[in-house]
Amino acid sequence: MTHNTYIYILIMAGVSYAIRVLPLTLIRNQIKSRFLQSFLYYVPYVTLAVMTFPAILEATQTPISGAIALVAGIAAAWLGAGLFNVALCCCSVVLIVELIISLI
Amino acid sequence: MEITELNINESKTTAFRKGMRDGVPIALGYSAVSFSLGIAAKNAGLTPFQSFLASLLCNASAGEYAGFTLIAASATYIEVAIMTFIANARYLLMSCAMSQRTAPGLKLRHRMLMGFYITDEYFGIAIARPGYLNPYYTYGAAVVASPCWAVGTALGTIMGNLLPLHIVSALSVALYGMFLAVIIPPAKKSRIIALVIAFCFAASYISAYLPALSGISDGTRTIILTIAISSLAAVIFPKDVATEGKQ
């Protein structure tokens, strides 16, 4: 059986969309359970934290530049920098650190 | 309640513009990530138009990547469906979390369109804003960043390894920088959130390198850790959402 690439893409798109849209359209009320409320309150922070580390160490050419970018990003965000500036700070740090490493 | 509704009406354009501004770093990160995704699509035998279409419709890095790998192996349609579900299951949790932050009267078409644009990044920046979610903020970010995602994938398929490695390397941390900008400010205000984040980093690090767990895909590990740690936090530090949610 040969597979059609467009059908593959449509299946991927359909499943991706159903997952995203169903809770948002079907859950219309505030959830009453205190556990579920608390659970959903923590989900964003936990997901983003888990996805950031240690993945940031593997995104760059060397783990060191990723690690320094992580520390710099936390510091910048702690000091009140916005989304764009924190992102820019991390990118610059990686660029500079990897430049220094390549010179050594 | 009245004040919040007023905010939504008042800030349609403002929210859209703010979304566009915050979409810029996302667009940067997307360009880099989607470029490498495009290379994976090329390896799976997709044409530039097909990889463009896949990115335009799926908006998912890990999910698309998993899909392309299966297409390369000419897997069955059902396998592709199941894998897409697993790789994207965290969006189900995000969508549930967002449902608790939408204005009760938010129209179906907004829910459907905002749902289309639940990605790690759009979710991260939308949930970081106080009060009810404003769909126009998400639209603003999506208008800026999503074309970059789709075009970047197509370019990756066309050009392969053209961008210098150190540029790709630098761009790829833009996404993580944004995540940090979302989670660190609340951690500064709440010692509990700071503790939870520190625990997440530790648990995530251990599970990524622990032989028994490191074989699991990144997407699945994210789901398992998210459910486990959020449950734990909910039991140990239950939230009085009635008072906390409205700050």
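# Exercises on a two-chain predicted model

Of the 111 residues in the largest nonpolar core, those touching the most other members are Val86(A), Cys90(A), Val173(B), Met178(B) and Ile183(B). Such a core is a set of buried Ala, Val, Leu, Ile, Met, Phe, Trp, Tyr and Cys residues joined through C-beta atoms within 7 Å. Domain 1 (2-184) and domain 2 (190-247) of chain B both give residues to this core, so it lies between them. The domain bounds come from an automatic or database domain assignment.

This is a predicted model, in which local features need pLDDT of at least 70, side-chain atom pairs count only at pLDDT 80 or more, and totals for chains, interfaces and linings use all residues. Residues are numbered from 1 along each chain as its sequence is written, while chains are lettered from A and ligands numbered from 1 in the order in which they are written.

**Exercise 1. Find what Val86(A) is in contact with, leaving aside its neighbours within four places in sequence.**

Start with the rule: two residues are in contact if their C-beta atoms, placed from the backbone, lie within 7 Å. Next, look inside chain A, where Val86(A) meets Gly73(A), Ala76(A), Ala77(A) and Ala81(A). Then cross to chain B, where Val86(A) meets Gly177(B), Met178(B), Leu180(B) and Ala181(B).

**Exercise 2. Describe the side of chain B that touches chain A.**

First, count: 62 residues of chain A are in contact with 83 residues of chain B. Second, find the top contributor, which is helix 5 (residues 77-99) of chain B, with 16 residues. Helices (H or I, at least four residues) are DSSP runs, numbered from the N terminus. Third, sort this side of chain B by class: 56 nonpolar, 20 polar and seven charged. Here Ala, Val, Leu, Ile, Met, Phe, Trp, Tyr, Cys and Pro count as nonpolar, Asp, Glu, Lys and Arg as charged, and the others, Gly among them, as polar.

Finish with one residue of helix 5 of chain B, Cys96(B). Not counting residues up to four places away in sequence, Cys96(B) touches Pro23(A), Ile27(A) and Leu40(A).

**Exercise 3. Decide whether Cys96(B) is buried or partly exposed, and do likewise for Ala62(B).**

Recall the cut-offs: a residue is buried if 20 or more other C-beta atoms, placed from the backbone, lie within 10 Å of its own, exposed if 12 or fewer, and partly exposed in between. Cys96(B) has 19 C-beta neighbours inside 10 Å, so it counts as partly exposed. Ala62(B), in helix 4 (residues 61-72) of chain B, has 20 such neighbours and therefore counts as buried.

**Exercise 4. Work out how the two domains of chain B meet.**

Begin with their centres, taken over C-alpha atoms, which are separated by 22 Å. On the domain 1 side, helix 5 of chain B gives the most, with five residues. By class, that side has seven nonpolar, no polar and one charged residues.

**Exercise 5. Follow helix 10 (residues 174-189) of chain B from end to end.**

Take its span first: the 16 residues reach 24 Å from first C-alpha to last, close to the 22 Å expected at 1.5 Å a residue. The expected span is 1.5 Å times one less than the number of residues. Now look for a kink: one of about 25 degrees lies at Ile183(B), shortly before the proline Pro185(B). The bend is the angle between axes fitted to the seven residues ending there and the seven starting there. Lastly, 12 of the 16 residues are buried, so helix 10 of chain B is largely enclosed by the rest of the structure. Among them are Gly177(B), Met178(B), Leu180(B) and Ala181(B).

Technical notes
Helix = DSSP H or I, 4+ residues; strand = E, 2+ residues; numbered from the N terminus.
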